[in-house]
Amino acid sequence: MSSSAANPVLAPIRRWVLYSRTNLTITIVSAFGVLFVAGAVFGQSPTPSNTASKIPASIASTTGAASATPGDLSYELIEVTESSIAGKSIASVGESAPATAMAYAHVYVDQSLSNSEWKTKLGVHTAEAPGVTVVNARPLVPVAITGPTRSEIVAGTGGESAVQVIVPTQAGNLRITLKASDTDKGSTWQVQTPLPTLDRSEIDKLGAPSLASAPTSEAPTTTTAPTSTTTASTTSTTSTTVPSADLEPAPVPVPGPIPIPDLDTPLPGTL
């Protein structure tokens, strides 16, 4: 009696559990079930919340980078002229594929730069620094850019899309392939390798008249010089020989006293 009064809640449970082994098994299974449900509800709920908080962060960073790229770069193929990019900064030019291609072409035909300066300025717009092959293909005569760019989207290496820009010049079309690249200074358009060059045979044609006229003007001079010398020597010989043939022969001296000339007045000192 005192024990039941002391434990009014546990006594019925103890009697129900000890009544049979079936009740004991049901109690144990129920206890594990309650703990499992409680763990599923209260124990795992923070984990999804933490995972959810991390995934959006990574997605946000990736999305931020992707959204920042269109902000820095322009994927619109707006054609440009050589004069339209004059005075623009390198960062501003690098936002547009046609502008980058025109800037590359402008430096490529520039005759005022030394080879080292030319390589440095050209390398600003390229994915790889220009090598000896590109320097050897540098135009040696002035080449003018004759019109605006013409651009189109093409399939690049590795299945990536690229932009091909045509810059018309006196020596033909300069075809430039560009891709968007990430650099230390941010995303920018860059000229891809192999770096574009113009046909040297077409470039040489621009300087052909001046080069062809030089030997022509020098050849008569070289040929005429001996002829003029021969003529001069012949003339000098003729001028010396002809007068000597026209002179009268010298008189032969006659022996005897020297005749005294007849004078109107007597010689001085004579009587």
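User: Which residues touch the most other members of the largest nonpolar core?

Analyst: Keep in mind that this is a predicted model: local features need pLDDT of at least 70, side-chain atom pairs count only at pLDDT 80 or more, and totals for chains, interfaces and linings use all residues. Residues are numbered from 1 along each chain as its sequence is written, and side-chain values use heavy atoms, leaving out hydrogens and water. A nonpolar core is a set of buried Ala, Val, Leu, Ile, Met, Phe, Trp, Tyr and Cys residues joined through side-chain atoms within 4.5 Å. Buried means under 20% relative accessible area, exposed over 50% and partly exposed in between, with a 1.4 Å probe and protein chains only. The largest core has 34 residues, and Y104, Y108, W118, V167, L174 and I176 touch the most other members.

User: And which elements give two or more residues to this core?

Analyst: Those are α6, α7 (115–123), α8, β2, β3 and β4. The largest share comes from α6, with nine residues. Helices (H or I, at least four residues) and strands (E, at least two) are DSSP runs, numbered from the N terminus.

User: What does L174 touch?

Analyst: Leaving aside residues up to four places away in sequence, L174 touches Y104, A105, Y108, V165, I166, V167, P196, T197 and L198. Contact means heavy atoms within 4.5 Å.

User: Back up a bit. How many helices and strands does the protein have?

Analyst: Nine helices and four strands. Along the sequence the pattern is α-α-α-α-α-α-α-α-β-β-β-β-α. Of the protein's 271 residues, 23% count as buried.

User: In what order do the four strands form the sheet?

Analyst: The order is β1-β2-β3-β4, in an open sheet with antiparallel pairing. β1 and β4 are the edge strands, each pairing on one side only. From one strand to the next, the twist averages 30 degrees. Two strands pair if DSSP finds at least two bridges between them.

User: How many bridges join β1 to β2?

Analyst: Six, with β2 covering residues 161–169 and the two strands running antiparallel. V154 stands opposite A162 in β2.

User: Which strands does α6 touch where it packs on the sheet?

Analyst: α6 touches β1, β2, β3 (172–183) and β4, and its direction makes about 120 degrees with that of β3. Axes are lines fitted to C-alpha atoms, for helices over the stretch in contact, and angles run from 0 to 180 degrees between N-to-C directions.

User: New topic, rings. How many aromatic pairs are there?

Analyst: Three. In Y75 and W189 the ring centres are 5.6 Å apart and the planes sit at 70 degrees, so that pair is edge-to-face. Y75 is in the loop between α4 (46–72) and α5 (90–93) while W189 is in strand β4, so the pair ties together parts 114 residues apart in sequence. The rule: rings of Phe, Tyr and Trp (its six-membered ring) pair if their centres lie within 6.5 Å, with planes under 30 degrees apart stacked, over 60 edge-to-face and the rest tilted.

User: Why does W189 count as buried?

Analyst: Because its relative accessibility is 5%. Y75 is partly exposed, at 47% relative accessible area. Another pair, Y104 and Y108, is stacked, with 6.2 Å from centre to centre and 15 degrees between the planes.

User: Where do Y104 and Y108 lie?

Analyst: Both are in helix α6 (residues 97–108), four residues apart, about one turn of the helix. Y104 is buried at 0% relative accessible area, and Y108 is buried at 0% too. Ring pairs link Y104, Y108 and W118 into a cluster.

User: Okay, T149. Where is it found?

Analyst: In the loop between α8 (132–136) and β1 (150–155). T149 counts as buried because its relative accessibility is 2%. The side chains of T149 and E79 are joined by a polar contact of 2.6 Å. A polar contact is a pair of N or O atoms within 3.5 Å; within protein, one must be able to donate a hydrogen and the other to accept it, and residues adjacent in sequence count only if both atoms are side-chain atoms.

User: Last one: which residues does a cis peptide bond join?

Analyst: T193 and P194, with omega about -5 degrees. P194 is in the loop between β4 (186–191) and α9 (200–246). Most peptide bonds are trans.
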